[in-house]
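I opened the notebook to look up charges, contacts and surface patches. My entries follow.

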2 protein chains.
Amino acid sequence: MIYYQSCSSHLVHRIQQDQYLQNIVSPAKDVEGLCHTYRYNMYHNVRFLDPPTNAKKCIIPCTPLAIVKVLEHLHIYNPMLPYGGRLYGKTIAIVNRSEVVGRPLAALLANDGARVLSVDIGDVLEFHRGTGLQHRQHQVMETTLTADEALRQADVVITGVPSPNYKVDTSLLKDGVVAINFSSARNFNGDEVKKRAAMYVPSIGKVTVAMLQRNLLRLYAYQRADVESAKAKQA
Amino acid sequence: MIYYQSCSSHLVHRIQQDQYLQNIVSPAKDVEGLCHTYRYNMYHNVRFLDPPTNAKKCIIPCTPLAIVKVLEHLHIYNPMLPYGGRLYGKTIAIVNRSEVVGRPLAALLANDGARVLSVDIGDVLEFHRGTGLQHRQHQVMETTLTADEALRQADVVITGVPSPNYKVDTSLLKDGVVAINFSSARNFNGDEVKKRAAMYVPSIGKVTVAMLQRNLLRLYAYQRADVESAKAKQA
């Protein structure tokens, strides 16, 4: 994971190269889900590769997908609400806006109905489908919130700062918050946060690995289906 | 339901008479759950009549119990949290503080972990078990909040104002709020609130009737169990 602190020409080249490499991968083999097709579909809340049949779900990047699965498991997604809007009413702060996790995660959760406060070193952006989820996909808006204010408002706080020196100030968190860390560094003070959070997930690596395997199996199934349907046409 | 607007000597007598009549009912037959035993246990978060056996749950007043069941059905109670604290992290405003519904409901929901803002014509009280649910039962605290401020903070708003003239100002509600009305009058503007609430329950009367039947069947089962155990001792 790269932490973009400044923007030198070297860095610009590296970002371009990252994306170039991501796009070289065929969508039929892209277990990481970061090629242009999947990325475009994710940001535009397009959930299937083959509308209107809708037999093939789009591939979602592993780490954001793992966090979605963790949130589903913790019943933050409310199954009484219609599919695609089950985070409606939840405010979620994400401390990380990288292109591989933080930003796609913000888009995914906002598309599912949450009001997402995306906290970066410079500012706080809001990802949201608007009052009453009036928009079909999320919009991104600038805010005047500080990082502290964003944390104070959040029902769920998700951190991914790759530095052992960064710690969330526990006293800012809502009593009964849900705290999830996906950084390899512990971004929460574990002893403190356990006294204040309803649920605390210190790491999600194993779920990420499971999601990578899931994406692999899904793509394998898609390829098999294509082979079978080609055979059926020949026969 | 009585709406206590002023406190004349006539009213004082009536309140005393209400409670006198409630206490005349034997706990073995009190389907309404408002005699002293049940009331005391409810406020003190005592959930069983027969500790440590814990085979006989206390009887809970029908209307508050119906609202608890509605909240469970809507997944506001989070089943991933331990029993007795499944509303942890939720802020719930209750616009009604009557002795038969609003106050016992505030106590029940706070005992289950919620931060309850009890809104009355004169003030807003907070019912809460404290940061990290540190207390075994809820405490009641005075606040300086206005009714409007309480509504703005609430994840769930429960109304029970017995007047057709009272309407919650929809613009105060959180986008994605859960709105529940137990008054026979419609305290929400239905068309407006549907555009702003994740879930809206305009009335709960049928669930209340079901809970009355449940309490009746429960008391019947307790009596049968007592008869059987007396027989077993004689034999």
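Which side chain meets B:Asp120 in a salt bridge? I looked it up in this predicted model. The partner is B:Arg97, at 3.6 Å, N to O. The pair links distant parts of the chain, 23 residues apart. B:Asp120 sits in the loop between strand S2 (115-119) and strand S3 (124-128) of chain B. B:Arg97 sits in the loop between strand S1 (91-95) and helix H4 (102-111) of chain B. I noted B:Arg97 as buried because its relative accessibility is 12%, under the 20% cut-off. B:Asp120 is partly exposed at 32%. In chain A, salt bridges with shared partners join A:Arg97, A:Asp120 and A:Asp123 into one network.

Next I checked a pair within a helix. B:Glu72 and B:Lys69 form a salt bridge at 3.5 Å, N to O. They are 3 residues apart in helix H3 (residues 62-73) of chain B, so about one helical turn separates them. B:Glu72 is partly exposed at 36%, and B:Lys69 is partly exposed at 26%.

I also found A:Arg103 and A:Glu99 in a salt bridge at 2.9 Å, N to O. The search of the whole structure gave 18 salt bridges over all chains.

Then I turned to the surface. A:Asp148, A:Glu149, A:Asp169, A:Asp191 and A:Glu192 gather in a negative patch. Helix H5 (147-153) and helix H6 (190-194) of chain A each supply at least two of its residues. A:Glu149, in helix H5, is partly exposed at 33%.

A nonpolar surface patch holds A:Tyr20, A:Leu21 and A:Ile24, with about 350 Å² of accessible area together. A:Tyr20 lies in helix H1 (residues 9-24) of chain A and is exposed at 54%.

Notes: Residues are numbered from 1 along each chain as its sequence is written. Chains are lettered from A and ligands numbered from 1 in the order in which they are written. This is a predicted model: local features need pLDDT of at least 70, side-chain atom pairs count only at pLDDT 80 or more; totals for chains, interfaces and linings use all residues. Side-chain values use heavy atoms; hydrogens and water are left out. Patches are made of residues with over 30% relative accessible area and no salt bridge: like charges are joined within 9 Å, nonpolar side chains (Val, Leu, Ile, Met, Phe, Trp, Tyr) within 5 Å. Accessible areas come from the Shrake-Rupley method with a 1.4 Å probe; for residues, only the protein chains shown count as cover. A salt bridge is a side-chain nitrogen of Lys or Arg within 4 Å of a carboxyl oxygen of Asp or Glu. Lys and Arg count as positive and Asp and Glu as negative; His and the chain ends are not counted. The place of a charge is taken as NZ of Lys, CZ of Arg, CG of Asp or CD of Glu. Helices (H or I, at least four residues) and strands (E, at least two) are DSSP runs, numbered from the N terminus. Buried means under 20% relative accessible area, exposed over 50%, partly exposed in between (1.4 Å probe, protein chains only).
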